[in-house]
Amino acid sequence: MNPNVIASFALISSLAQKGVKTAVISPGSRSTPLAYAVNKLLDVLVVIDERDAGFCALGIAESTKKPVVVITTSGSAPTHLFPSVT
């Protein structure tokens with residue numbers, strides 16, 4: 001198995017053990033190992049636009065009172081989550 005997939009399963013498994021149940025993914029080729037792991041371990045919502053993904057995750061977190069994982073590609077994509085964080 002690919003080392004990145006192994007590391008992704010370790011990370012997502014530990015988050016699941018801490019109570020995370022949901023992930024929102026804005027897919028891209030660079031986040032494939034993480035997307036693969038969350039698809040196997042958590043409930044997943046796919047949202048193409050990163051800004052929308054951040055707000056979807058915020059709404060889920062507020063309604064469930066549980067943390068939500070958000071996965072984007074690398075580069076500038078995570079900066080589009082900033083409005084939902086603030």
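**Exercise 1. Find which residues isoleucine 71 touches, leaving out those up to four places away in sequence.**

Step 1. Isoleucine 71 touches Val24, Ile25, Ser26, Ser31, Leu34, Ala35 and Val38. Contact means heavy atoms within 4.5 Å.

Step 2. Isoleucine 71 lies in strand S3. Helices (H or I, at least four residues) and strands (E, at least two) are DSSP runs, numbered from the N terminus.

Step 3. Check burial. Isoleucine 71 counts as buried because its relative accessibility is 5%. Buried means under 20% relative accessible area, exposed over 50%, partly exposed in between (1.4 Å probe, protein chains only).

Step 4. Take one distance. The C-alpha atoms of isoleucine 71 and glycine 54 are separated by 9.4 Å, and the two are 17 residues apart along the chain.

**Ground rules and confidence**

The model is predicted: local features need pLDDT of at least 70, side-chain atom pairs count only at pLDDT 80 or more, and totals for chains, interfaces and linings use all residues. Residues are numbered from 1 along each chain as its sequence is written, and side-chain values use heavy atoms, with hydrogens and water left out.

pLDDT is the predictor's confidence in each residue, from 0 to 100. Its mean over the protein is 94, and 100% of the residues reach 70 or more. Confidence is lowest in helix H4 (residues 82–85), at a mean of 93, and highest in strand S1 (residues 22–25), at 98.

**Exercise 2. Describe the surroundings of threonine 22 and its strand partners.**

Step 1. Threonine 22 has its place in strand S1. It counts as buried because its relative accessibility is 17%.

Step 2. List contacts, leaving aside neighbours within four places in sequence. Threonine 22 is in contact with Leu42, Asp43, Ile60, Val68 and Val69.

Step 3. Assign partners. Threonine 22 stands opposite aspartate 43 in S2. In S3, its bridge partner is valine 68.

Step 4. Extend to whole strands. S1 pairs with S2 in the parallel sense over four bridges. S1 and S3 also pair in the parallel sense, over four bridges. Two strands pair if DSSP finds at least two bridges between them.

Step 5. Sort the side chains of S1. Thr22 and Val24 point one way, Ala23 and Ile25 the other way, and all are buried.

**Exercise 3. Identify the largest nonpolar core and the elements that give two or more residues to it.**

Step 1. A nonpolar core is a set of buried Ala, Val, Leu, Ile, Met, Phe, Trp, Tyr and Cys residues joined through side-chain atoms within 4.5 Å.

Step 2. The largest has 12 residues: Val5, Phe9, Ile12, Val20, Ala23, Ile25, Ala35, Ala37, Val38, Leu42, Val69 and Ile71.

Step 3. H1, S1, H2 and S3 each give two or more residues to this core.

Step 4. Another core lies apart from it, with five residues, among them Val24, Val47, Ala53 and Val68.

Step 5. Turn to helix H2 (residues 32–41). Its buried residues are Pro33, Ala35, Ala37 and Val38. Their cover includes helix H1 (3–17), S1, strand S2 (43–46) and strand S3 (68–71).

**Exercise 4. Classify the one aromatic pair.**

Step 1. Rings of Phe, Tyr and Trp (its six-membered ring) pair if their centres lie within 6.5 Å; planes under 30 degrees apart count as stacked, over 60 as edge-to-face and the rest as tilted.

Step 2. The rings of phenylalanine 9 and tyrosine 36 have centres 5.8 Å apart and planes at 80°, so the pair is edge-to-face.

Step 3. Phenylalanine 9 lies in helix H1 and tyrosine 36 in helix H2, so the pair ties together parts that are 27 residues apart in sequence.

Step 4. Tyrosine 36 is partly exposed, at a relative accessible area of 40%.
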